[in-house]
Amino acid sequence: MTSDNLTLAERKRLLVATELTEAALQLLARRGFDAVTVDEIVAEAGVSKRTFFRYFASKEDVVVQFLSGMGAEIHAALAERPAGEPPSASLRHAVAVPLAACTLDRPDHAARALRVVQLILRTPALLGRLLERQAEWRETLAGELARRQGQDPAVDLYPRLAAGTALVAFHTALQRWADSEAAEDPLLLLDRAFAVVRPALDAQDR
């Protein structure tokens with residue numbers, strides 16, 4: 001369902017959830033995950049604890065839902081690619097969606113995105129959550145690839161291998177971008193990563 005199809009109440013809930021997520025992630029990124037309490041998050045966001053727990057089960061759930069949304073965007077982007085396009089091109093466009101959000105032409109946005117990415121990659125519990133979600137993304141991407149290729153993900157090896165390879169390329173570019181303090185362009189890093197794996201992704205003998 002797109003935002004155009006939402007009722008006024010649903011749009012209001014989406015806006016509150018988005019603003020609460022942003023406030024929570026930025027506070028966690030500035031102070032450190034373990035140093036921030038839910039009480040501090042709600043004070044930062046200007047909402048009640050009751051409102052917070054209406055949307056999230058815990059402060060870790062803020063990050064989990066954020067990552068789930070990222071996975072949904074990647075899957076939707078892959079599903080929208082034209083039929084007959086080389087798998088490497090389709091997968092590159094799909095996993096580029098969250099990286100493109102880090103490169104908006106607003107320095108303040110890029111700085112906020114960098115803080116959140118570094119928070120997730122440098123906090124063991126959150127990194128574990130990211131890797132868990134990437135395993136789920138691999139399955140959904142494999143299913144979509146299998147549909148596009150006329151294969152069965154329960155039988156054919158290619159869909160999971162290709163989806164996993166694309167996500168490794170994504171994670172490698174994301175890690176390098178975070179380590180560079182955003183000095184490097186994440187989309188160019190992704191292009192370099194896909195240049196390495198493209199022959200395998202587009203191999204005809206599958």
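Predicted model: local features only at pLDDT ≥ 70, side-chain atom pairs only at ≥ 80, totals over all residues.
The protein contains nine helices and zero strands. Read from the N terminus, the order of elements is therefore α-α-α-α-α-α-α-α-α. The radius of gyration is 18 Å, close to the 17 Å given by the globule rule for 206 residues, so the protein is as compact as a globular protein of that length. The C-alpha trace spans about 55 × 40 × 30 Å along its principal axes.

Of the 206 residues, 42% count as buried. Among contacts with a separation of 6 or more, 64% are made by residues 24 or more positions apart. The accessible surface amounts to about 10900 Å², and carbon and sulfur atoms contribute 56% of that area.

Charged side chains number 25 positive and 28 negative, and the centres of the two sets are 3 Å apart. Across the whole structure, 15 salt bridges are found. One of these joins R129 and E60, with the closest N and O atoms 2.5 Å apart. R129 belongs to helix α7 (residues 124–149) and E60 to helix α4 (residues 59–79), so this pair ties together parts that are 69 residues apart in sequence. R129 is partly exposed, its relative accessible area being 27%. The R129 and E60 pair is also part of a network of salt bridges in which E60, R129 and E132 are linked.

A further salt bridge is formed between E136 and R133, where the closest N and O atoms are 3.4 Å apart. Both residues lie in helix α7, at a spacing of three residues, about one turn of the helix. The two partners fall into separate accessibility classes: R133 has a relative accessible area of 12% and is buried, because the limit for that class is under 20%. E136, with a relative accessible area of 43%, is partly exposed.

R138 and E139 likewise form a salt bridge, and the closest N and O atoms of this pair are 3.2 Å apart. R138 is partly exposed, with a relative accessible area of 32%. E139 also counts as partly exposed, at 31% relative accessibility.

Methods. Residues numbered from 1 in each chain as written. Heavy atoms only, no water. Helix = DSSP H or I, 4+ residues; strand = E, 2+ residues; numbered from the N terminus. Rg over C-alpha atoms; globule rule 2.2 N^0.38 Å. Buried < 20%, exposed > 50% of the residue type's maximum accessible area, 1.4 Å probe, protein only. Contact = heavy atoms within 4.5 Å. Areas by Shrake-Rupley, 256 points an atom, 1.4 Å probe, with all protein chains shown as cover. Lys, Arg positive; Asp, Glu negative; His and termini not counted. Charge placed at Lys NZ, Arg CZ, Asp CG, Glu CD. Salt bridge = Lys/Arg side-chain N within 4 Å of Asp/Glu carboxyl O.
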